Amino acid sequence: MSKCIACWLDDAINLDRPRLQTSNSRFNVLECRHCGLQWADPMPTQDELDAYYRTYYQRKKDRSLAQVKNALAKNVLEKVGWYKVRHLTFMHLINRHHPTKGVLLDYGCGEGQMLRVAKNDGWKVIGVDYSDEFAEALRADGIEFHAASDLRSSGIAPDSIDCLVAKHVIEHIVVLEQFLSDCRTVLKPDGIMAIKMPSRTSLRARLGLAKWHFVNPPEHQWGFQPYCFRLLMESHGFEVLYLKDSLIVDELTSIVGVR
Ligand SMILES: [Zn+2]
């Protein structure tokens with residue numbers, strides 16, 4: 001696929017194999033010359049995705065020795081409340097753009113930290129994830145949870161969601177246009193999406209301190225920065241209400257409304 005889904009121009013260059021993969025990788029990374037959107041070519045197959053995501057969270061825990069340092073750093077950050085602060089800050093931003101609250105769906109909810117923050121804040125919450133590894137724990141806490149490999153098959157009713165959270169999700173999705181269309185279907189007419197994604201123009205990425213903004217199939221199929229993300233949203237029926245690269249974390253945060 002060489003046509004860009006953000007600006008529709010058919011003018012992509014091949015950046016060669018993904019930066020984090022070996023020379024025998026079957027994937028290439030394409031970049032749109034006009035807007036800078038990057039994507040994997042070819043996209044991973046459904047079998048590759050299934051194999052990768054069914055035990056995604058368990059594998060994150062079963063880290064190799066080389067990754068233990070990272071896990072330890074994560075534990076320290078957890079103890080000092082870093083993640084909690086990040087979730088509360090995101091919640092505050094969401095509330096600013098949707099003060100009446102309502103139903104919040106976290107797509108790719110994982111352990112459900114964001115769902116718990118939103119629930120405490122007065123939202124009715126629903127979690128959806130490819131993996132059902134945390135289904136029991138979430139339901140035990142009274143959280144509605146659906147395991148599904150895509151939004152369309154998750155059983156969420158049309159026009160029922162006030163805020164759809166997609167935190168570090170869209171870069172993973174193969175058929176992104178279908179996902180955005182499905183999001184519009186489940187959102188109410190005044191609904192919003194709250195999105196976080198890796199950004200290669202974030203300060204950490206620019207300084208070379210981060211690696212996870214790279215296109216890295218079967219994990220990340222897409223690479224973003226603010227310009228191409230805005231075009232992507234506007235060309236798929238959304239209005240960008242907030243869009244900012246983080247100064248501390250390697251990510252881009254956005255709130256978009258249905259147009
Ligand atoms: Zn483009």
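The model is predicted. Strand S11 pairs with both S8 and S10. Trp8 and Asp16 have positive phi values.

**Strand pairing around S11**
- Strand S11 covers residues 251-258, and strand S8 covers residues 187-198.
- S8 and S11 run antiparallel to each other and are joined by seven bridges.
- Met197 has Leu252 in S11 as its bridge partner.
- Strand S10, residues 238-245, also pairs with S11 in the antiparallel sense, over seven bridges.
- Val240 is bridged to Val256 in S11.
- Five residues separate S10 from S11, and the two strands form a hairpin.

**Helix residues**
- Ala135 belongs to helix H6, which spans residues 135-140.
- Ala135 has 16 other C-beta atoms within 10 Å, so this residue is partly exposed.
- Beyond neighbours within four places in sequence, Ala135 contacts Phe145 and Ala147.
- Ala135 and Ala147 are 12 residues apart in sequence, with their C-alpha atoms 7.7 Å apart.
- Phe90 sits in helix H4, residues 82-97.
- Phe90 is partly exposed because 19 C-beta neighbours lie inside 10 Å, while a buried residue needs 20 or more.
- Phe90 and Ser254 are 164 residues apart in sequence, yet 10.0 Å apart in space, C-alpha to C-alpha.

- Pro42 is in the loop that links strand S3 (38-41) to helix H1 (46-53).
- Pro218 is in the loop between helix H8 (203-206) and strand S9 (222-223).

**Positive phi outside glycine**
- Trp8 is not a glycine, but its phi is positive, near 70°.
- Trp8 lies in the segment before strand S1 (12-14).
- Trp8 is exposed because 12 other C-beta atoms lie within 10 Å, and the exposed class takes 12 or fewer.
- Asp16, another non-glycine residue, has a positive phi near 80°.
- Asp16 is in the loop between S1 and strand S2 (28-32).
- Asp16 has 11 C-beta neighbours inside 10 Å, so Asp16 counts as exposed.

How values were computed: Residues are numbered from 1 along each chain as its sequence is written. This is a predicted model: local features need pLDDT of at least 70, side-chain atom pairs count only at pLDDT 80 or more; totals for chains, interfaces and linings use all residues. Helices (H or I, at least four residues) and strands (E, at least two) are DSSP runs, numbered from the N terminus. Two residues are in contact if their C-beta atoms, placed from the backbone, lie within 7 Å. Two strands pair if DSSP finds at least two bridges between them.
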